[in-house]
Amino acid sequence: MKIIVDLDKCIAAGSCVAAAPELFDQRDDDGIVILLQENPSPEQWATARSAAGVCPAAAISLEE
């Protein structure tokens, strides 16, 4: 699995960080998402799917 983030779509809601803090963070200055792991381990796939699903801007997509 590969996580893809569209920074132009990100609205800095922080939902991804709340759902998967081991995969995402936010920039201090504007809250835009920071992808910590582009290729999560199989154990993290469900968490990655959850984070993508809760993003209100649909800025996170998954390539499986």
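Mentor: Let's start with a term: a residue is buried under 20% relative accessible area, exposed over 50%, and partly exposed in between, with a 1.4 Å probe and protein chains only. What you have is a predicted model, where local features need pLDDT of at least 70 and side-chain atom pairs need pLDDT 80 or more, while totals for chains, interfaces and linings use all residues. Residues are numbered from 1 along each chain as its sequence is written, and side-chain values use heavy atoms, with hydrogens and water left out.

With that cut-off, 33% of the 64 residues in the protein chain are buried. A cavity here is a set of points on a 1 Å grid where a 1.4 Å probe fits but cannot get out, and its lining residues have an atom within 4 Å of a point. Points are joined across faces, edges and corners, and the volume is the space filled by probe spheres set on them. Counting cavities of 30 Å³ or more, you get 1. The largest cavity holds about 90 Å³ of space. Its lining takes in 15 residues, and the ones nearest the centre are Cys10, Ala13, Gly14, Cys16 and Cys55.

In sequence order they run β-α-β-β-α-β. The radius of gyration is 10 Å, close to the 11 Å that the globule rule gives for 64 residues, so the protein chain is as compact as a globular protein of that length (C-alpha atoms again, with the rule being 2.2 Å times the number of residues to the power 0.38). Along the principal axes, the C-alpha atoms fill a box of roughly 30 × 20 × 15 Å. Among contacts with a separation of 6 or more, 54% join residues 24 or more positions apart, a contact being heavy atoms within 4.5 Å. The accessible surface, about 3,700 Å² in total, belongs to carbon and sulfur atoms for 49%.

Gln44 sits in the loop between strand 3 (33–35) and helix 2 (45–54), and it is buried because its relative accessibility is 14%. Beyond its neighbours within four places in sequence, Gln44 is in contact with Glu22, Leu23 and Gln37. For Leu23, that is a C-alpha to C-alpha distance of 8.5 Å across 21 residues of sequence.

Moving into helix 2, we find Arg49, which is partly exposed at 37% relative accessible area. Leaving out residues up to four places away, Arg49 touches Met1, Leu62 and Glu64. Its C-alpha atom is 13 Å from that of Phe24, 25 residues apart along the chain.

Met1 turns up again in the next stop, Glu63, which touches Met1, Lys2 and Ile4 apart from residues up to four places away. Glu63 belongs to strand 4 (residues 60–63) and, at 46% relative accessibility, counts as partly exposed. Ala52 lies 11 residues from Glu63 along the chain, and their C-alpha atoms are 11 Å apart.

Finally, two loop alanines for your backbone checks. Ala12, in the loop between strand 1 (2–5) and helix 1 (15–19), has a positive phi of about 65° although it is not a glycine. Its relative accessible area is 26%, so Ala12 is partly exposed. Ala58 is in the loop between helix 2 and strand 4, and has a positive phi of about 55°, again without being a glycine. Ala58 is partly exposed as well, with a relative accessible area of 47%.

Conventions
On a 1 Å grid over the protein atoms alone, a cavity is a set of points where a 1.4 Å probe fits but cannot get out, and a pocket is an open set with protein on both sides within 12 Å along at least five of seven lines; lining residues have an atom within 4 Å of a point. Helices (H or I, at least four residues) and strands (E, at least two) are DSSP runs, numbered from the N terminus. Accessible areas come from the Shrake-Rupley method with a 1.4 Å probe; for residues, only the protein chains shown count as cover.
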